[in-house]
Amino acid sequence: MTTSQQPQDRYKAVWIIFFMLGLGTLLPWNFFMTATQYFTNRLDQSQNVSSFAVKLDGDIQASAVPTAPPLERSSLSVIFNNVMTLCAMLPLLLFTCLNSFLHQRIPQAVRILGSLLAILLVFLITAVLVKVPVDALPFFVITMVKIMLINSFGAILQGSLFGLAGLLPASYTTPIMSGQGLAGIFASVAMICAIASGSELAKSAFGYFITACGVIVLTIICYLGLPRLEFYRYYQQLKLEGSGEQETKLDLISKENYFIPVSCFLTFNVFDWLGRSLTAISMWPGKDSLWLPSLVLARLVFVPLLLLCNVYPRQHLPVFFEHDAWFIIFMAAFAFSNGYLASLCMCFGPKKVKPAEAETAGAIMAFFLCLGLALGAVVSFLFRAIV
């Protein structure tokens with residue numbers, strides 16, 4: 001095929017579908033994390049199974065349901081966030097690594113559709129469990145198993161999508177990154193709206209999980225429509241022929257404090273999305289420039305800057321940046337640079353190898369992206385102790 005024969009992406013249909021695929025990759029997990037307070041509330045010692053059942057059914061006789069010891073429930077609530085982080089990051093890292101090696105042996109449709117269907121099933125079960133009273137320890141274990149499943153299949157899905165985008169022009173990695181960034185914004189806005197409306201935790205969580213199910217179904221429909229588009233089929237054919245050159249990304253929140261959901265979650269996700277989206281109009285520095293790795297390494301400066309902000313509780317480090325505006329400024333810059341530089345790396349990586357190896361390169365880059373997240377989760381324990 002010659003350049004003149006290349007079809008056009010009519011109505012930007014493929015671009016929009018990749019945007020939806022990016023949105024569907026992270027929005028379910030973002031909604032799951034948004035419901036963290038719901039999970040910890042069910043594990044808290046003051047929220048035993050009997051009182052939870054009374055709220056659900058209005059039946060006083062439900063108080064006969066056995067409850068876990070208060071000490072056990074309290075400890076599970078305290079460690080929930082740390083254990084959740086490990087149960088999320090370790091499977092994400094492991095299965096992203098496996099996907100980079102096994103993607104050529106398992107058909108693309110099986111990896112993507114199978115992962116979406118598995119995540120859909122987990123969220124349906126999660127939504128149902130909102131209405132079912134479960135004692136603390138079983139609920140904790142079930143939740144951690146679900147977190148591991150979501151991130152295992154999410155790793156396969158994300159790696160497969162970046163590999164898929166690596167077969168298309170470089171600009172088609174941008175909608176995936178942009179969609180992932182927007183997923184965080186949606187989750188943050190949903191959290192703020194739930195707080196403002198005064199909704200009960202269980203009702204808010206149920207809404208999060210059902211919304212996630214709807215988004216996953218929409219993502220499945222979008223993916224099934226992709227092979228019908230000539231522009232997509234053209235680049236798939238180039239892969240099969242192997243000829244021609246192609247251009248081939250939570251703390252507890254009380255209802256009295258909007259600071260964390262707005263200045264932390266919303267600010268990060270908005271500026272991260274802006275950074276990811278900027279690559280649609282600007283891709284400086286170039287893929288062979290030394291500025292790119294230099295700017296990535298320079299982001300390490302945000303670690304001490306954020307640690308020295310007015311963040312509590314703290315025991316060791318002094319507060320150097322007392323005004324909360326400093327934290328917001330640092331968070332915005334941190335998020336914007338993260339979105340922009342990560343998107344550039346994901347765009348350029350598959351273009352530095354042969355077209356036939358672009359999908360493998362995309363999958364490997366997704367693995368290292370998850371490796372960074374996993375290492376960050378582990379190091380977070382150290383940073384927390386330092387503060």
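Helices (H or I, at least four residues) and strands (E, at least two) are taken here as DSSP runs and numbered from the N terminus. The structure is a predicted model, in which local features need pLDDT of at least 70 and side-chain atom pairs count only at pLDDT 80 or more, while totals for chains, interfaces and linings use all residues. Residues are numbered from 1 along each chain as its sequence is written, and side-chain values use heavy atoms, with hydrogens and water left out.

The secondary structure of the chain comes to 14 helices and zero strands. Of its 387 residues, 47% count as buried, where buried means under 20% relative accessible area, exposed over 50%, and partly exposed in between (1.4 Å probe, protein chains only). The chain exposes about 18,700 Å², with carbon and sulfur atoms supplying 69% of that area; accessible areas come from the Shrake-Rupley method with a 1.4 Å probe, and for residues only the protein chains shown count as cover.

Confidence comes next, expressed as pLDDT, the predictor's confidence in each residue from 0 to 100. The average for the chain is 79, and 85% of the residues score at least 70. Helix α5 (residues 108-129) has the highest mean, at 93, whereas helix α3 (residues 49-57) has the lowest, at 44. The pLDDT is below 50 over residues 49-73, a stretch with 44 contacts in the model beyond near neighbours in sequence, a contact being heavy atoms within 4.5 Å. Residues 243-256 also stay under 50, and for them the model has 50 contacts beyond four places in sequence.

Most residues other than glycine have a negative phi, and most peptide bonds are trans. Tyr11, however, has a positive phi of about 60°, and the phi of Lys12 is also positive, near 55°. At 71% relative accessibility, Tyr11 counts as exposed. The peptide bond between Trp284 and Pro285 is cis, with omega about -5°. Pro285 is placed in the loop between α10 (259-278) and α11 (291-298).

Thr173 sits in the loop between α6 (136-165) and α7 (174-197). With a relative accessible area of 2%, Thr173 is buried, and it touches Phe162, Ala165, Met346 and Cys347, leaving aside residues up to four places away in sequence. Helix α7 itself is mostly covered, as 18 of its 24 residues are buried. From first C-alpha to last, α7 reaches 34 Å, close to the 34 Å expected at 1.5 Å a residue (the expected span is 1.5 Å times one less than the number of residues). Gly198 follows α7 and has a positive phi, near 70°.

On the surface, Leu86, Leu90, Val378, Val379, Phe381, Leu382 and Ile386 form a nonpolar patch with about 540 Å² of accessible area together. The elements that give two or more residues to this patch are α4 (70-102) and α14 (358-386), with α14 giving the most, five residues. Patches are made of residues with over 30% relative accessible area and no salt bridge, nonpolar side chains (Val, Leu, Ile, Met, Phe, Trp, Tyr) being joined within 5 Å and like charges within 9 Å. A salt bridge is a side-chain nitrogen of Lys or Arg within 4 Å of a carboxyl oxygen of Asp or Glu. Val378, one of the patch residues, belongs to helix α14 and is partly exposed, with a relative accessible area of 46%.
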